[in-house]
Structures are given as C-alpha cells and as structure tokens.
Amino acid sequence: MAFPTEDGLVQATDDVSFHVDLGETLAIVGESGSGKSVSSMAIMGLHNPKTAKISGQVLITSMGSTTDVVSASSETVRKLRGGTVSMIFQDPMSALHPYFTIGNQVSEAWLLHNDGTKEDARKKSIEMLDLVGISDAKNRFDSYPHQFSGGMRQRVMIAMALVNHPKILIADEPTTALDVTVQAQILKLLKDMQKEFNMAVILITHDMGVVAEVADRINVMYAGRLVEEGQVDEIYKNPVHPYTIGLLQSVPRVDQIRGTRLKAIPGQPPSLISLPGGCAFEPRCEFAKYVPDNRCKSTRPEVEIKLAGHQARCHLSAQEVRSHL
C-alpha cells in the first residue's frame with residue numbers, strides 16, 4: 001500500500017501477509033509509522049482509492065462466503081464495515097460526535113445494519129451499553145460524550161463496535177491515554193466480549209505489556225514490513241529478529257534479573273519515501289556486522305521459518321542470533 005505525495009511515493013506497507021481466526025487475538029506491534037493502523041484501515045476498506053495505491057487481497061470469510069475488500073464494490077464494503085468487521089479507534093473523544101448523545105450514536109450503528117424501529121435500536125443500544133459496563137445505561141443513554149470519563153467513552157466505543165455482533169474486531173490502541181487501572185478494565189472487557197461473541201480480534205499497539213496480557217499471536221512490523229510472527233510465549237522467550245529483541249529489551253519485565261538496565265534501540269526509523277535497498281532495520285541493527293558480504297545493506301531478507309511456527313525476516317538463523325546476545 002502506497003500514498004503519492006509531493007515529496008514522493010510513501011510505501012506505507014509492503015509484502016504484509018497475516019491471518020486471524022475466530023476466537024483468536026492477533027497483536028500487531030511496532031513503532032509509530034510502521035504500518036499498523038494503515039493495515040487495519042485497509043481491512044475496513046477505509047482508504048480512499050483515489051489517494052491510495054493498494055495491491056493484493058484482503059479476504060474476509062463470513063457465513064460461508066469470502067469477500068475481497070480490495071476488489072469489492074463500495075456498497076459491498078459498506079455492508080461489511082460495522083457489521084462483519086468493526087473497529088475501535090484510538091481516541092474515543094474525537095471518534096464520538098460531541099453534538100449527538102451516546103445513545104443516538106450507538107443506535108445509528110445498529111440501524112445501519114438492521115431493519116427495525118428507533119425503539120428497537122434504543123433497546124438494543126441500552127442492552128449493549130449495560131453489557132460493556134455502563135452503569136444506569138437506561139438513563140445514560142441520553143448523555144453526551146463530554147459527560148463521560150475517558151474510560152467510559154472507550155466503553156461506549158466498544159458498545160458501538162459490538163452492537164452488530166461482528167466476526168472481526170479491530171482495536172487500534174484501545175488503551176491509549178487511559179490510566180493503568182482503566183487500561184486493565186478495558187482489556188478485561190475486550191477479552192470478555194470476545195468470549196461472548198466468539199470474535200477474531202486484531203489488537204494494534206506499541207505496548208508489549210498489553211500484548212503479553214491478551215494476545216495469542218504477535219506480528220511485529222517495522223518500516224511497513226512484517227519482520228517477525230509467532231505465538232506470544234514463543235516470541236517473548238525466543239525472539240529471533242533484532243528489532244523484536246530491541247523492543248523487548250527496552251521495556252521492564254518482571255522476569256528480568258534485578259538491576260538489569262533497559263536498552264534503547266539506537267537511531268530512528270527510515271523514511272518510507274526512501275527505504276534502504278537491503279534490510280530496512282540495518283542502520284539500527286547491532287547484529288548486521290555478523291552477516292557476511294554486507295548482505296544486510298545489499299539484499300532484502302525474505303520471511304523465513306526460523307523455529308517451529310515462528311518466522312522472521314532476517315539473514316541470520318535463530319541460532320546465530322541467540323549466539324550473539
């Protein structure tokens with residue numbers, strides 16, 4: 001996926017491929033600008049085809065039929081969006097319209113995909129608001145977003161996303177700007193709702209602690225490319241891509257030896273307008289010196305299976321990476 005700009009073509013994502021099954025939580029992790037949110041918006045069909053160049057397929061299977069979001073008509077995508085696939089956006093204050101009541105906005109989401117009266121929508125919305133933990137939902141139905149706290153607004157966003165019982169829920173940084181206690185409540189709510197509706201959840205985050213709490217599998221992205229993928233336990237115990245290792249070394253962990261210093265990843269991510277010809281992470285990588293013939297600069301690594309059920313985009317094998325830690 002690329003976006004033409006005055007400065008050149010921004011290659012937002014390149015060679016990204018992943019899947020998620022019902023009842024499973026897939027976490028997509030990476031720095032700002034790595035392509036996480038752009039990928040999720042493509043699944044929802046939210047990119048303007050006049051300003052975005054999208055190639056490949058986004059296949060969504062539901063009720064025995066498969067739809068390619070990229071090639072489908074705008075009407076088909078609209079029916080999927082908010083029904084089969086739903087999304088919780090990063091900032092609940094800007095995502096909720098300040099001029100309309102909470103109940104009005106949840107009801108509208110239901111009426112778009114269901115035949116029913118406004119009273120039917122009201123009943124369904126109150127039921128969903130109650131389900132996500134809005135106390136006194138019947139009376140809070142007529143409240144406005146500014147009358148809710150950040151955590152309560154996020155619960156409203158979850159209610160809107162789930163009111164049509166979607167098969168896929170995309171949660172884009174769902175705990176951003178929330179305090180730690182509220183974060184834990186929102187994560188627990190998402191897990192409970194996933195069990196309630198048997199949804200596939202795609203969690204987009206930069207917080208490795210959140211990933212460890214809720215995810216089954218992890219996709220690590222860097223400079224628009226998928227660099228490592230595997231089960232959560234496997235990634236945390238045996239990371240094999242230097243970028244993933246850097247991410248884990250830069251956050252505190254309870255299993256670390258006391259006194260272990262956190263280690264920052266040196267440098268900055270590359271410009272998506274002029275990506276390096278070889279490995280995009282090479283300018284920041286402490287392991288590149290162990291790769292012969294300067295291949296990290298000249299040759300782009302492909303995604304390869306490094307361990308059972310665990311793949312990464314690196315010229316070094318898992319054993320070679322571990323030997324240099």
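Glu 75 counts as partly exposed, since its relative accessibility is 39% (buried means under 20% relative accessible area, exposed over 50% and partly exposed in between, with a 1.4 Å probe and protein chains only). The structure is a predicted model, in which local features need pLDDT of at least 70 and side-chain atom pairs count only at pLDDT 80 or more, whereas totals for chains, interfaces and linings use all residues. Residues are numbered from 1 along each chain as its sequence is written, and side-chain values use heavy atoms, with hydrogens and water left out.

Glu 75 is joined to Arg 78 by a salt bridge in which the closest N and O atoms are 2.7 Å apart; a salt bridge is defined as a side-chain nitrogen of Lys or Arg within 4 Å of a carboxyl oxygen of Asp or Glu. Both residues belong to helix H2 (residues 74–80), where they are three residues apart, about one turn of the helix. Helices (H or I, at least four residues) and strands (E, at least two) are DSSP runs numbered from the N terminus. Arg 78 is likewise partly exposed, with a relative accessible area of 44%. The structure holds 14 salt bridges, and a network of them links Asp 14, Asp 15, Arg 225, Arg 300 and Arg 313.

At the level of the whole chain, 13 helices and 12 strands are present. The C-alpha trace spans about 70 × 50 × 40 Å along its principal axes. Buried residues account for 48% of the 325 residues. Of the contacts (heavy atoms within 4.5 Å) between residues at least 6 apart in sequence, 63% join residues at least 24 apart.

In soluble globular proteins, nonpolar side chains tend to be buried together. A nonpolar core is here a set of buried Ala, Val, Leu, Ile, Met, Phe, Trp, Tyr and Cys residues joined through side-chain atoms within 4.5 Å. The largest such core comprises 39 residues, of which Ile 88, Leu 129, Val 132, Val 156, Ile 158, Leu 162 and Leu 169 touch the most other members. Two or more residues each are given to this core by helices H4 (102–111), H5 (118–131), H7 (150–162), H8 (180–197) and H9 (208–214), and by strands E7 (168–172) and E8 (200–205). The greatest contribution, eight residues, comes from H7. Apart from this core lies another, of 31 residues, including Val 10, Ala 27, Tyr 243 and Val 291. When residues up to four places away in sequence are not counted, Leu 162 touches Met 128, Leu 169, Met 193, Phe 197 and Met 199.

Helix H7 also carries Arg 155. This residue is buried yet has no salt bridge, the nearest side chain of opposite charge being that of Asp 192, 8.1 Å away (Lys and Arg count as positive and Asp and Glu as negative; His and the chain ends are not counted). Residues up to four places away in sequence aside, Arg 155 touches Val 132, Gly 133, Ile 134, Gln 185, Ile 186 and Leu 189.

Helix H5 has 14 residues and reaches 20 Å from its first C-alpha to its last, close to the 20 Å expected at 1.5 Å a residue; the expected span is 1.5 Å times one less than the number of residues. Its buried residues are Ala 121, Lys 124, Ser 125, Ile 126, Met 128 and Leu 129, and their cover includes H4, helix H6 (137–140), H7 and H8. Lys 124 counts as buried at 16% relative accessibility and forms a salt bridge with Glu 127, with the closest N and O atoms 3.6 Å apart. Arg 122 is partly exposed, with a relative accessible area of 23%, and its side chain meets that of Asp 142 in a salt bridge (3.9 Å, N to O). This pair links distant parts of the chain, 20 residues apart, with Arg 122 in helix H5 and Asp 142 in the loop between H6 and H7. Just after H5, Gly 133 takes a positive phi of about 95°.
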